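Thanks for coming, everyone. I have one structure to walk through today, and I will keep it brisk. Please have a look at it first.

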Amino acid sequence: MTLFLISLAILIGGYFIYGAIVEKIFGVDGSIPTPAISKNDGVDFTPLPTWKVFLIQFLNIAGLGPIFGAVMGIMFGPAAFLWIVLGTIFAGAVHDFISGMISVRSGGLSLPEIVGHELGLTIKQVMRIVSMVLLILVGTVFVLTPSELIAGMTPDWMDKTFWVVVIFLYYILATLLPIDKLIGNLYPIFGFSLLFMAVGLLCVLLFGDVTIPDGITDGLHTRYRGDAALTHPIFPMMFVTIACGAISGFHATQSPLMARCLKNEKLARPVFYGAMVSEGIVALIWAAAAIAFTNGYDQLADYMAAHNNSAGALVSELSISWLGAFGGILAIIGVVAAPISTGDTALRSARLIAADFMKFDQRPFWKRVLISLPIFALCFLLMFLDFNILWRYFAWINQTLAVFTLWAVSVYLARKHKAYIITLLPAMFMTAVSLSYILFAPVEGLGLDLYISIGAGCALAVALMIAFLFYIKRIKSPNSTRKFDY
């Protein structure tokens with residue numbers, strides 16, 4: 001319990017202290033008109049109330065990551081608590097805030113365009129492909145998972161296939177309609193469900209008859225047992241397993257949506273930094289709840305093995321056991337709302353990225369339909385692949401996208417003569433994580449030796465740092481031919 005309470009306090013304090021430092025370093029200016037005001041088109045550029053902007057951003061980025069990812073992540077042991085806290089404050093929230101603010105300052109540009117401005121045309125093309133692949137993967141996996149959960153609570157004729165169709169049809173509408181028509185009106189309902197879930201579980205953890213066996217005194221080694229311990233070392237595996245609850249490249253694809261709806265730059269810290277801290281709190285709650293519900297790391301491992309490593313089984317049983325039938329159903333609805341409210345905006349973001357790339361005006365409805373049809377088709381086709389394969393590659397691509405974003409925003413800060421160290425260190429760390437993971441991972445990666453993989457990851461991080469310093473020196477040179485549009 002002590003580790004959980006300290007972690008919770010540091011997360012909240014991190015928003016007020018480190019969040020204010022990051023805000024000051026960037027240089028927020030409330031007098032500059034935001035894209036929602038200067039480019040208002042009633043479709044994507046629309047000023048919304050701050051509470052709605054925060055709630056949409058929070059629901060956009062939450063998904064299943066801070067729930068399922070936290071449940072799977074806590075199986076690595078108490079190191080998960082530390083990564084959720086430190087990753088959120090110093091990496092994830094900074095990543096979300098800086099990328100969101102750059103989008104605000106650049107007229108609401110989508111992520112690939114921002115990265116391309118800073119790192120060049122070749123990287124821009126790579127980012128366009130990677131971003132679109134990730135967003136379509138998100139739209140796919142976040143149709144399949146809630147469909148399975150809802151099917152377990154409804155009559156037999158309303159099976160998984162039925163709910164896949166229903167949710168996918170909703171995604172189509174959410175992608176095509178103006179943001180204030182469907183998403184802006186439904187998200188308060190989704191938000192209530194998700195907040196009820198988090199607050200309900202937090203109350204049980206704090207005031208209920210439960211114990212959180214954090215095990216910090218036994219060390220920070222992986223709690224996987226036997227052969228599984230060899231394939232699940234904390235570095236790099238835990239840092240990819242717990243993605244959305246600490247840092248996620250997907251978030252930077254979502255920030256431009258709200259950059260186009262923010263009424264004033266001074267609201268950026270609560271919206272971008274605050275939403276990530278809120279997600280970190282949700283991840284912390286679920287990590288603590290999983291270990292408290294099963295009474296220990298060994299017991300959690302046994303439970304997961306008995307349920308085919310399904311985090312959904314634990315989520316359902318835990319919710320009903322702790323909150324009763326009615327409260328449990330509301331909590332499960334919150335778990336369902338999280339991926340649905342991420343999948344819809346993922347496909348919407350894919351449409352906007354494609355539109356930015358093709359310079360395709362999105363005000364006419366038929367143009368939105370035309371540019372969205374290939375996205376819907378690819379998403380539908382991917383639903384026929386094995387979910388576990390989809391999820392593994394989603395997790396790695398997600399963190400790799402964060403690497404590109406962190407290097408790009410580091411260049412931006414350096415060009416503006418700001419303290420780029422706040423993004424450079426996370427960029428180096430996530431570079432080492434991402435390369436080490438894909439080299440080491442036995443199934444989706446190359447299955448190389450752990451120490452060779454880590455060595456290669458660290459070597460790449462250092463090499464990129466050196467290249468970054470030379471690049472910054474070159475673009476700051478009076479003879480530089482690099483031009484920047486914003």
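**A walk through the model**

Start with a loop. Asn 295 sits in the loop that runs between helix H14 (268–294) and helix H15 (297–306). Its phi is near 70°, and that is a positive value in a residue other than glycine. Is Asn 295 buried or exposed? It is exposed, with a relative accessible area of 53%. The cut-off for exposed is over 50%.

One thing to keep in mind: this is a predicted model.

Next, a peptide bond to look at. Going from Phe 235 to Pro 236, the bond is cis, with omega near 10°. Where is Pro 236 found? In helix H12, which covers residues 234–241.

Let's step back to the whole chain. How many helices and strands does the protein chain have? There are 20 helices and 0 strands.

Pick one of those helices, H9. It takes in residues 160–176, so 17 residues in total. At 1.5 Å a residue, H9 should span 24 Å. Its end C-alpha atoms are 24 Å apart, so the expectation and the model agree. H9 also has a buried set. Among them are the aromatic residues Trp 163, Phe 168, Tyr 170 and Tyr 171. Val 164, Ile 167 and Leu 176 are buried as well, and so are Ala 174 and Thr 175.

Now for overall size. The chain has 486 residues, so a compact globule would have a radius of gyration near 23 Å. The protein chain has 21 Å, which agrees. Along the principal axes, the C-alpha atoms fill a box of roughly 65 × 50 × 40 Å.

What about the inside? Buried residues make up 60% of the 486. Then take contacts with a separation of 6 or more: 82% of them are between residues 24 or more positions apart.

And the outside? The accessible surface comes to about 18500 Å². Carbon and sulfur atoms account for 69% of that surface.

Last, charges. The chain has 29 positive and 27 negative charges. How far apart are their mean positions? They are 16 Å apart.

That's my tour. Thank you.

Technical notes
Residues numbered from 1 in each chain as written. Predicted model: local features only at pLDDT ≥ 70, side-chain atom pairs only at ≥ 80, totals over all residues. Heavy atoms only, no water. Helix = DSSP H or I, 4+ residues; strand = E, 2+ residues; numbered from the N terminus. Expected span 1.5 Å × (residues − 1). Buried < 20%, exposed > 50% of the residue type's maximum accessible area, 1.4 Å probe, protein only. Rg over C-alpha atoms; globule rule 2.2 N^0.38 Å. Contact = heavy atoms within 4.5 Å. Areas by Shrake-Rupley, 256 points an atom, 1.4 Å probe, with all protein chains shown as cover. Lys, Arg positive; Asp, Glu negative; His and termini not counted. Charge placed at Lys NZ, Arg CZ, Asp CG, Glu CD.
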